[in-house]
Amino acid sequence: MPTPRDLWIAEKARPAGHADAAAFAAAHDLRGYRLDQLYRAATKELAADLEAITTLPKELRAALSAEGFALESVVPSVVQRSNDGQTTKALFRLHDGNEVEAVLMEHHGGRTTVCISSQAGCAYACTFCSTGQAGFTRNLSATEIFDQARFFARELAPREKKITNVVFMGMGEPFANYEAVMDAVALLHDPHGFGLGHRHITISTVGLVDKIDRFAQEHTQVNLAISLHAPTDATRSRIMPVNRKFSVDDLMAAVERYVGATRRKVFFEYVMLAGVNDADEDARALARRMRGPLYHINLIPYNSTPDAALRGSDEARIWAFAKLLEDAGVAVTVRTPMGRDIAAACGQLRAETQPKAHKETALA
């Protein structure tokens, strides 16, 4: 396994024709300490560009620039801020013209969360999710994922603030791009670089059973979140096509195996859809699913999207649903929506210029 430093250098150097970190080092006659300086400046010190890395010789910086070596693999083309100033959404352009979105949320009390994307588009077509309605284009590389967080870390630095949490809840299904996502986690966590603790990273999945089993063997303290959204196969299959491949029983069995192997809490996301999954009987059925002591339900007010013929449950219904769960002994919270006015809230992420022609299915 390459170190995070070698992974980062190899992915940055590949567009310039270097096969890996060793080839890059050989081409520029670089010793290990020079690679360390480059990596540390980019990932820990958050250098803006090569010229800012003054620990490297000027001639080396010029040579790297001439061959197209760049610290950023994503370029912000549009940055929007919510009216309350707490949410910032960035649209990033990738090297091939594709675009992805990521969001910074600045919470009261000082916590800062970045929601990052792992794919351009998504193949899982959940009916309530704007990203899923746009179709799938491609997986992101580890550095394309990591650089979304790096961008926002640089945005916060002048205000002497840091990213405290990263969630893989942006565009795409993280476990469908498993290797790159885990490499991005390594970059985020590396104490010699970005230095974010595992417990401050959360990966959300629509419920890919085989990947949940694989994740359980990673021996990491990264958090797992499950996009559940319905307690029965009948309802979940209507709104989440993935359920036709992995049933609710299959999914909950995988979660039980995960908890048995890791002893870590699992968070279940449940978007509240009026007349779809918000009845009292839905709450009771959900409570029966939540028998594990390490299970936590996060109820999410639905954020409208242009493509979904759905509406959200009203506030009174959400809190009544939450009370039914609480009365049944289920740990539950209601998420506070952020960034609705700039389409940055949960389920709304989609690059507006993202191609819509690719309606690939992930169920084959």
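**The core**

I began with the largest nonpolar core, which has 109 residues; Trp 8, Phe 168, Phe 268 and Leu 299 have the most contacts inside it. A nonpolar core here is a set of buried Ala, Val, Leu, Ile, Met, Phe, Trp, Tyr and Cys residues joined through side-chain atoms within 4.5 Å. Buried means under 20% relative accessible area, exposed over 50% and partly exposed in between, with a 1.4 Å probe and protein chains only.

A note on the basis: this is a predicted model, where local features need pLDDT of at least 70, side-chain atom pairs count only at pLDDT 80 or more, and totals for chains, interfaces and linings use all residues. Residues are numbered from 1 along each chain as its sequence is written, and side-chain values use heavy atoms, with hydrogens and water left out.

Next I listed the contacts (heavy atoms within 4.5 Å) of Trp 8. Setting aside neighbours within four places in sequence, Trp 8 touches Leu 38, Tyr 39, Ala 42, Thr 43, Phe 69, Leu 71, Thr 143, Phe 146 and Leu 187.

**Aromatic rings**

Rings of Phe, Tyr and Trp (its six-membered ring) pair if their centres lie within 6.5 Å; planes under 30 degrees apart are stacked, over 60 edge-to-face, and the rest tilted. My search of the whole structure gave twelve aromatic pairs. Phe 92 and Phe 152 are edge-to-face, because their centres are 6.3 Å apart and their planes stand at 80 degrees. Phe 92 sits in strand E2 and Phe 152 in helix H6, so this pair ties together parts 60 residues apart in sequence. Both Phe 92 and Phe 152 are buried. I also noted that ring pairs link Trp 8, Phe 24, Tyr 39 and Phe 69 into a cluster.

**The sheet**

Helices (H or I, at least four residues) and strands (E, at least two) are DSSP runs, numbered from the N terminus; two strands pair if DSSP finds at least two bridges between them. I traced an open, mixed sheet of ten strands in the order E1-E2-E3-E4-E7-E8-E9-E10-E11-E12. Strands E1 (75-81) and E12 (331-334) are at the edges with a single partner each, so one side of each has no neighbour in the sheet. E2 (residues 87-93) and E3 (residues 99-106) run antiparallel, joined by seven bridges, and Ala 90 stands opposite Ala 102 in E3.

**His 229**

Is His 229 buried or exposed? His 229 counts as buried, because its relative accessibility is 5%. I found His 229 in the loop between strand E9 (223-227) and helix H9 (233-239).
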